Amino acid sequence: MNVNWQGVFPAISTQFNEDGSINYESNARMLEDLIRDGIDGIIALGTIGENASLSPEEKREFIKHTVETVNGRILVLTGCTENTAEAASLYAQDVEKLGVDGLMLLPAMVYRGTDREVVTHYQTVARSTQLPIMIYNNPVGYGVDINLEMTAILAEEENIVAIKESTTDTRRLTELQSRFGERFSILCGVDDIALESLLLGATGWISGLTNVFPRESVTLYKLARAGRLEEAREIYRWFMPLLRLDTIPTLVQCIKFAEQIVGRGSENVRLPRLTLIGEERAYVEQVIAHALETRINLDKYNID
């Protein structure tokens, strides 16, 4: 359970060929680019990784390939998104054997549980594995808010050690810190409140647009942690239209299309998702084009 839950963690996309099969070669190139650009770890098979669109066998093969490609150079965490605690526990046990560093655990999918049911889901999975676990709290996306009282119960599970906080309410970070002190590492999970969250004490940032602009993301994180706020705000203002793409229902398509535009991947997605068309596609093209035209020279910040 010795995970350093600090830094910038892109939630990586799963790259597909035109026929819908997984493009492992493209994923390997993407990983190499992200590592070169200074990120601290990745989340494989999260929402952006289209977890629910992969078969159980594909998920395990993808994690195996990812762990082997990374080869210990950065942290590899995996989303755990299953319909039952039994299936989630089996997945946790399998990826533990494959060598991942930790789990980002979601509530059970499809069925929206009561508070007691959600807590039991987390307890069951936590007790099935030795992996360190990060709670993914995203009531906006999944309809379940893991509130402070639920978190207090889960604090009794030794290997539940971090929280990806995605309520979009930055007050929750302070409430968690006031209630639990340093019991949990708290990471920002919403791109367009990243700077606010870091200034409130979040130790890390799990990001979608970091896949497209990793160096800007890492620099923003380092400036914020160093208290260089004027410089951090300069990057943040430039970044904001891009970060907004992570907060809409088509975030996966937007991010993968942006990856394609900048030459870091393909926009291919699996059903039920469809690639962007019309005004939405044109808007993403416009946002990326403006970002590239106004891109900041990061060398001027002189930050390691």
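I first looked at handedness: α1 passes α2 in a right-handed crossing, where right-handed has the near helix turned clockwise from the far one by less than a right angle, and left-handed anticlockwise. This is a predicted model, in which local features need pLDDT of at least 70 and side-chain atom pairs pLDDT 80 or more, while totals for chains, interfaces and linings use all residues. Residues are numbered from 1 along each chain, and side-chain values use heavy atoms, without hydrogens and water.

I noted the extents as residues 24-36 for α1 and residues 56-70 for α2; helices are DSSP runs (H or I, at least four residues) numbered from the N terminus. Their axes come within 10 Å and cross at roughly 40°; axes are lines fitted to C-alpha atoms over the stretch in contact, with angles from 0 to 180 degrees between N-to-C directions.

I then turned to α9 (residues 214-225) and α10, which pack at about 145° with axes 8 Å apart. α9 passes α10 in a left-handed crossing. The contact (heavy atoms within 4.5 Å) includes Leu-220 and Leu-223 of α9 and Ile-235 and Phe-239 of α10.

The largest nonpolar core has 103 residues, and Met-134, Phe-239 and Leu-242 have the most contacts inside it. Such a core joins buried Ala, Val, Leu, Ile, Met, Phe, Trp, Tyr and Cys residues through side-chain atoms within 4.5 Å, buried being under 20% relative accessible area with a 1.4 Å probe, protein chains only. Helix α10 (residues 229-243) gives the most to this core, with 7 residues.

Terms used. Helices (H or I, at least four residues) and strands (E, at least two) are DSSP runs, numbered from the N terminus. Buried means under 20% relative accessible area, exposed over 50%, partly exposed in between (1.4 Å probe, protein chains only).
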